[in-house]
Amino acid sequence: MSFKIASSPHQHNQKSTSQIMLMVIMACLPGIAVQAALFGYGVLIQLLLAIITAWFSEAFVLRLRNKPVLPRLKDNSAMLTAVLLAIAIPPYAPWWIIVIGTAFAIIMVKQLYGGLGNNLFNPAMAAYVLLLISFPVQMTQWLPPLSLHSVTLTPLDAICSVFTQFSCSGFSLAQLQTSVDGITMATPLDTLRTDLSRGLTLDESWQSPVFFAFAGSGWLWVNLAYLAGGLVLIKQQVISWRIPVAVLASLFVLSAIAALAAPDTLAGPLFHLFSGGTMLAAFFIATDPVSAATTATGRLVYGALIGLLVFLIRNFGGYPDAYAFAILLANMAVPLIDHYTRPRTYGHRARSQTK
Amino acid sequence: MPSLFKQIQAGVLWDFHGGIHPPTRKQLSNQKPIAVMPLPDRLYIPLRQHIGVAGQLLVRAGERVLKGQQLTSADNSMVVPVHAPTSGTVVQIAPHTGAHPSALPELTLILAPDGLDQWREREPLNFASCDKAQLLTRIQNSGIAGMGGAGFPTHLKSGASQPIDYLIINAVECEPYITADDLLMQEAATTIVKGIDILCHLLNPKAVLIGIEDDKAIACAAMMAACSQRENYYVRAVPVKYPSGGEKQLIQLLTNKEVPNGRRPLDIGIVMHNVGTAFAIAKAVLDDHPLISRVVTVTGNTLNQPQNVIALLGTPVSSLLQLCGFQPEPMQRVIMGGPMMGFTLSDLNVPVVKTTNCILAPTAEELPAATVEMDCIRCSACADACPASLLPQQLLWYSKAKDSDKLNEYNLADCIECGACAYVCPSEIPLVQYYRVAKADIREQQREAVKAEQAKARFEARNARLEHEKQERLARNQQLAATRQQQQLASGANNTVAEALARIKAKQAQAAVADNSDTSSAQLHAEREQKKQQAREYQQQKALAETAAPEVEKTTPETQAEPADARKAAIAAAIARAKNKQQQTSATDNSTAELDPRKAAIAAAIARAKAKQQNSVTAERTVTQEAPVSPSTEVSSQNTEPDPRKAAIAAAIARVKARKQADDDTL
């Protein structure tokens with residue numbers, strides 16, 4: 001009789017990498033659904049394009065690297081990167097935007113650094129920054145929520161727009177961006193930024209129809225949906241609470257202080273928390289384990305750093321939203337953060353005492 | 001803030017970092033009473049079943065032994081003997097697959113039971129009237145080593161001289177599947193408590209803390225009942241979490257103390273014993289029943305009757321499995337120990353030893369074999385699970401890179417190999433295996449470093465020794481030279497010197513006569529000559545000073561006094577010395593080997609001196625004009641052209657003749 005020899009432990013909790021990735025993707029679904037419902041079906045087409053591109057890119061490089069293709073495609077990490085990038089870019093951006101972005105994310109940012117687990121930067125965010133810098137026009141053409149549209153967009157219109165930049169009935173994106181009363185509408189963050197630079201106060205800018213309640217129209221619901229998905233992930237112990245809590249807390253505290261100091265020119269904490277990609281970034285992107293800090297304290301520092309950078313860039317920088325830049329900058333700081341936040345080993349004195 | 005002791009008394013429990021909650025699956029085996037294993041056909045008793053060294057064999061093959069008879073001697077404190085688990089005949093003493101992950105063969109006594117189960121004579125002790133040394137000897141001679149898994153000699157842990165605050169009895173049994181301690185407590189709580197009493201007698205602790213996981217309600221109740229008459233015995237139900245039964249983790253759980261890095265629990269006033277060990281101590285002291293059997297959990301879904309069994313040490317695993325209705329699968333795994341820290345067996349003839357608490361034969365379904373290892377995604381679930389607060393993902397990285405400096409910096413040595421990190425790893429990386437390899441590498445490196453250090457020390461010692469010997473030799477030679485000198489002085493060396501001086505004076509007189517007959521122009525020349533002589537003489541002196549410095553000193557003032565013939569004096573002195581030395585060397589024959597080259601030198605010097613003497617005798621008149629041949633001819637030619645040249649030629653001829661003669665002489 002032959003016996004199987006194995007090293008202890010012989011027991012495993014059976015939670016695998018591919019399951020974790022899949023759970024993160026599933027948790028994105030409510031957000032994606034809200035996004036599709038409020039902003040049109042463009043996001044679904046982008047998702048499809050992104051996932052296909054990601055799979056092809058991943059398989060291509062794995063083949064080049066003489067690695068088994070199928071087991072690694074099954075880890076779902078490429079799909080997650082594709083999903084995150086697809087929901088981060090404008091839903092009606094031309095098809096080649098997402099194709100270039102996803103291919104760049106998988107090939108350059110992930111595989112050229114050594115594949116899963118070895119990339120310094122968050123692939124989706126690095127690709128987002130590449131696209132934003134290379135194609136600023138296409139990357140800033142966010143359509144307002146469907147409710148503010150002068151024309152209704154069907155799913156077919158969405159496909160036409162993504163592939164031809166014109167809806168089936170011949171409207172260009174610029175025309176679609178125009179509201180019923182002929183005003184071009186951007187995202188709430190964009191709008192606020194432009195208005196403030198024109199010398200308007202916060203209250204004056206708030207008259208724009210893109211705002212709703214304490215945040216952006218439509219954006220509030222998208223953020224709430226991602227928040228819900230994120231909370232499920234924490235509940236399922238797929239992600240640690242530390243990074244999202246630190247991101248949100250630091251952004252909240254900083255914008256609260258700022259709003260108190262300059263109520264006319266700096267937006268309040270709730271606006272910041274529920275505008276743009278805050279919840280998506282805090283729960284789904286900043287928590288990417290590969291490029292985030294790994295120690296418990298380090299994750300708090302990392303999250304707080306992202307919150308700080310977002311606050312600074314949104315209010316004083318050159319871009320309306322800032323998660324991609326903030327996360328990439330924080331990625332760079334990760335080795336340093338990890339080095340200085342090592343936990344005290346059992347039976348050892350604190351590092352500050354020993355050194 | 002109440003004192004720590006007050007808090008402990010009040011039942012406060014603390015927590016340790018990390019930990020996991022794997023399915024415990026203890027119901028498989030804890031529903032039935034402990035079964036007694038029938039005698040197997042053969043017992044395989046490894047001579048070493050603890051951490052330490054094996055004792056000397058006391059029996060030979062073919063000998064009949066009685067139950068409980070000591071098979072190896074306990075001649076020093078690191079030895080824990082083994083005993084015959086039953087009466088029978090020693091069949092063979094040979095290597096046999098050991099109960100160790102390596103499955104390396106180790107020296108094993110193979111016993112054929114005779115079925116009589118006949119005891120040796122026993123002498124129970126009343127521990128209260130025994131002194132500590134007697135009890136410790138009994139514990140050692142009964143072969144008791146830690147039964148929780150490590151197998152550390154119990155008498156060493158119990159003989160501490162330091163004051164002990166807490167005696168902790170580890171009955172946590174946190175590994176899944178294992179219920180041996182649970183059942184033992186359920187069935188023998190009073191004996192266990194007697195064992196604890198003996199330990200208290202030895203260690204005199206402030207309090208006894210008995211840690212039991214709170215899923216063992218019956219055992220917990222049994223222990224509480226057994227302890228009810230004792231003061232300061234506290235039974236503590238700790239929450240189920242793996243690895244709360246780790247020594248360091250349980251200490252933290254029960255006392256909120258940490259064992260400092262590189263120290264032992266003893267250093268913070270804590271001693272921990274396994275509950276099975278306490279039972280074994282009671283049996284050994286009160287019944288004189290040495291450690292020859294133990295409770296083993298035989299469990300897993302491939303068994304029809306998973307249960308706890310009292311097995312004699314040395315019982316092969318195959319017999320145990322057979323007893324419990326083993327239905328092996330293809331590529332069956334049989335694990336000795338629990339699913340978290342146990343090791344797989346490749347041979348079912350491996351015997352039960354003192355540290356064997358569980359034999360686990362799971363189906364592939366209940367404990368799926370590890371799948372393909374994937375890349376680390378740095379999720380740090382491992383760091384969250386690590387009870388030692390290490391950073392396993394960093395350790396993995398540095399283990400793969402074989403960076404032992406970094407591994408030390410990240411405290412790899414503090415890893416207790418509990419397996420919590422590998423349990424939670426989503427990429428199914430066998431982290432513990434990486435750490436074991438890295439630890440072995442580091443141990444090897446350290447061994448190499450120690451070896452290199454020793455070699456260096458040896459080399460340096462050798463150099464020092466050689467240098468020392470050299471110095472000694474020099475000192476001896478100098479001493480010999482000094483004694484030689486003294487001998488010289490004593491044996492009338494003065495006479496020869498005096499004679500030499502007389503000769504010199506005579507020659508001086510002659511020279512003076514010669515000088516007078518010379519022309520006045522030759523006077524100048526002679527003076528110059530004198531100076532040169534002096535210079536040469538000085539050089540000669542210097543050369544001589546090395547071998548016989550004091551003598552030269554003695555002679556120099558005289559030569560200075562009579563500068564014209566200083567050379568002669570020096571020659572005379574040299575001859576005298578040489579003769580003396582010759583005498584001495586012949587006297588000190590034992591050192592001939594060393595002095596041989598010196599002798600030759602002396603002989604040569606004598607020869608030279610003789611030649612020169614002859615030279616000076618035959619060409620006495622030209623002696624003073626000898627030198628100027630080469631360097632001073634130019635100067636002298638200005639003053640006295642024809643005469644000196646002639647003289648020089650004559651002198652040269654004379655010299656050549658003298659040399660020839662000298663050569664003939666020496667030849």
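1. Helices (H or I, at least four residues) and strands (E, at least two) are DSSP runs, numbered from the N terminus.

2. Residues are numbered from 1 along each chain as its sequence is written, while chains are lettered from A and ligands numbered from 1 in the order in which they are written. Because the model is predicted, local features need pLDDT of at least 70 and side-chain atom pairs count only at pLDDT 80 or more, but totals for chains, interfaces and linings use all residues.

3. Which residues of H6(A) are buried? They are Pro123(A), Ala124(A), Met125(A), Ala126(A), Ala127(A), Tyr128(A) and Leu131(A). A residue is buried if 20 or more other C-beta atoms lie within 10 Å of its own, exposed if 12 or fewer, and partly exposed in between; C-beta atoms are placed from the backbone. The cover over these residues includes H4, helix H5 (95-110), helix H7 (136-139), helix H15 (278-285) and helix H17 (323-340) of chain A.

4. Chain A is assigned domain 1 (17-185) and domain 2 (186-339). The bounds come from an automatic or database domain assignment. The domain centres, taken over C-alpha atoms, are 20 Å apart. Domain 1 puts 31 residues into the contact and domain 2 puts in 29. Contact here needs C-beta atoms, placed from the backbone, within 7 Å.

5. On the domain 1 side, helix H1 (17-39), helix H4 (77-88) and helix H6 (123-134) of chain A each give two or more residues. H1(A) gives the most, with 11 residues. By class, this side has 25 nonpolar, six polar and no charged residues. Ala, Val, Leu, Ile, Met, Phe, Trp, Tyr, Cys and Pro count as nonpolar, Asp, Glu, Lys and Arg as charged, and the others, Gly among them, as polar.

6. Now the chain interface. Chain A brings 33 residues into contact with 50 residues of chain B. The chain A side divides into 12 nonpolar, 16 polar and five charged residues.

7. The largest nonpolar core has 138 residues, and Ile192(B), Met223(B) and Ile359(B) have the most contacts inside it. Such a core is a set of buried Ala, Val, Leu, Ile, Met, Phe, Trp, Tyr and Cys residues joined through C-beta atoms within 7 Å. Helix H5 (residues 180-203) of chain B supplies the largest share, 13 residues. A second, separate core of 102 residues includes Met21(A), Leu153(A), Phe283(A) and Tyr302(A).

8. What does Ile359(B) touch, leaving aside neighbours within four places in sequence? Its contacts are Val296(B), Val298(B), Val317(B), Leu320(B), Leu321(B), Val334(B) and Met336(B).

9. Chain B has 20 helices and 14 strands. Of its 667 residues, 45% count as buried. Among its contacts with a separation of 6 or more, 73% come from residues 24 or more positions apart.

10. Strand E11 (residues 307-312) of chain B has five of its six residues buried. Two bridges join E11(B) to strand E1 (residues 35-36) of chain B in parallel. Six bridges pair E11(B) with strand E10 (residues 293-299) of chain B in the antiparallel sense. Strands pair if DSSP finds at least two bridges between them. Ile310(B) is the bridge partner of Val36(B), and Ile310(B) is also the bridge partner of Val295(B).

11. An open antiparallel sheet in chain B has four strands in the order E2-E5-E4-E3. Strand E2 (43-46) and strand E3 (64-65) are the edges, each pairing on one side only. E2(B) joins strand E5 (residues 105-113) through four antiparallel bridges. Tyr44(B) stands opposite Ile110(B), and Pro46(B) stands opposite Thr108(B). Leu43(B) and Ile45(B) point one way from E2(B), Tyr44(B) and Pro46(B) the other way, and all are buried.

12. Backbone points to check. The peptide bond from Ser8(A) to Pro9(A) is cis, with omega near -5°. Another cis bond joins Tyr242(B) and Pro243(B), with omega about 0°. Arg25(B), not a glycine, has a positive phi of about 50°. Arg25(B) counts as buried because it has 22 C-beta neighbours inside 10 Å. Glu428(B), not a glycine, has a positive phi of about 50°. Glu428(B) counts as partly exposed because it has 18 C-beta neighbours inside 10 Å.

Technical notes: Two residues are in contact if their C-beta atoms, placed from the backbone, lie within 7 Å.
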